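Below are some notes for a colleague who is opening this model for the first time. Please keep the structure in view while reading the numbered points.

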Amino acid sequence: TVTFNRPDALNALTPDLLSETRDALDLLSKRPDIGVVVLTGAGRAFSAGVDLKALNELGLDLGEGNVGDDLNNKAREVQSLLENMPQATIAKVNGFCFTGGVELMLACDIIIAADEAKFGDTHAKLGLRPTWGMTQRLPRRVGMMRAKELSFTARTFSGTEAAEMGLALVAVPLAQLDEYVDDLCRNISVNSKGSVAAYKDLYK
């Protein structure tokens, strides 16, 4: 399990947090004894998205709707590892999951959400363009028209609705989330790691 661990900031994404996540995933990708990697967040959030306050303090101009190459490149490296590492990857969405958090989540093979989780693609509220592949990955999960509705309105929706629209595989009560994901991991891990790696390549 790789955990975003900035709970006081709702696990808002910074270059350092993305670098640490990338490094952890890179190490795990080389572990033949590991069959499943779970990505989640500490506290009340999976991730509330990019830490705009931190970016402003760094003097980054967001006027062009772009969060900058440093953040973009590191986020894409995380996504590439989640999609291409031989292990199955599961996003365990325990709470708030917005914008950049949604983009990272979408790179996982399977998404399991708490009923109480809150999702939203809020790029449009913030005057930002999605630069981590949202417009390609989201329609594959929910269909083009639903993806446009979610992005155009920037509305918040629950884990239960995420499962109903196909964004998450299933939503369960928060109290049962860990047990559900643990069972799923066991059911995957008893099978051939080579087969899982091959399926990941073939399903692209």
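1. Over how many bridges do β3 and strand β5 pair, and in which sense? Strand β5 (residues 96-98) and β3 are joined over two bridges, in the parallel sense. Within this pair, Ala 45 has Phe 96 in β5 as its bridge partner. Strands here are DSSP runs of E with at least two residues, helices are runs of H or I with at least four residues, and both are numbered from the N terminus. Two strands count as paired if DSSP finds at least two bridges between them.

2. A word on the source. This is a predicted model, in which local features need pLDDT of at least 70 and side-chain atom pairs count only at pLDDT 80 or more, while totals for chains, interfaces and linings use all residues. Residues are numbered from 1 along each chain as its sequence is written, and side-chain values use heavy atoms, with hydrogens and water left out.

3. The sheet that holds β3 and β5 is open and has four strands, in the order β3-β5-β7-β8, with mixed pairing. Its edge strands, β3 (45-47) and β8 (157-158), each pair on one side only.

4. Another open sheet has five strands in the order β1-β2-β4-β6-β9, and its pairing is parallel. At its edges stand β1 (2-4) and β9 (170-172); each has a single partner strand, so one side of each lacks a neighbour in the sheet. From one strand to the next the twist averages 20 degrees. Axes are lines fitted to C-alpha atoms, for helices over the stretch in contact, and angles between N-to-C directions run from 0 to 180 degrees.

5. Strand β2 (residues 36-41) pairs with strand β4 (residues 88-93) in the parallel sense over four bridges. Val 37 stands opposite Thr 89 in β4. Helix α1 (residues 15-29) packs on the sheet and touches β1 and β2, and its direction makes about 175 degrees with that of β1. Contact means heavy atoms within 4.5 Å.

6. β1 and β2 run parallel and are joined by three bridges. The bridge partner of Val 2 in β2 is Leu 39. From β1 the chain crosses through α1 to β2, and this β-α-β crossover is right-handed. That term applies if, with the strands pointing away from the viewer, the path from the first strand over the helix to the second runs clockwise.

7. Is β2 buried or exposed? Six of the six residues of β2 are buried, so the strand is largely enclosed by the rest of the structure. Buried means under 20% relative accessible area, exposed over 50%, and partly exposed in between (1.4 Å probe, protein chains only). In a regular strand the side chains alternate between the two faces of the sheet. In β2 both faces are covered, with Val 36, Val 38 and Thr 40 buried on one side and Val 37, Leu 39 and Gly 41 buried on the other.

8. Helix α9 (residues 174-189) has 16 residues, which should span 22 Å at 1.5 Å a residue; its end C-alpha atoms are 23 Å apart, which agrees. The expected span is 1.5 Å times one less than the number of residues. Buried in α9 are Leu 177, Val 181, Leu 184, Cys 185 and Ile 188. Seen down the helix axis, these buried residues fall within an arc of 100 degrees, so they line one face of α9; the arc is that of the directions from the axis to the C-beta atoms. They pack against β2, β4, β6 (110-114), β9 and α10 (193-202). Turned away from the buried side is a face with the exposed residues Ala 175, Glu 179 and Asn 187.

9. Asn 5 lies in the loop between β1 and α1 and is exposed, with a relative accessible area of 55%. Neighbours within four places in sequence aside, Asn 5 is in contact with Asn 11, Leu 17 and Ala 42.

10. Two backbone angles deserve a look. Most residues other than glycine have a negative phi. Leu 10, in the loop between β1 and α1, has a positive phi of about 55 degrees and is partly exposed at 22% relative accessibility. Thr 99, in the loop between β5 and α4 (100-105), has a positive phi near 50 degrees and is buried at 7% relative accessibility.
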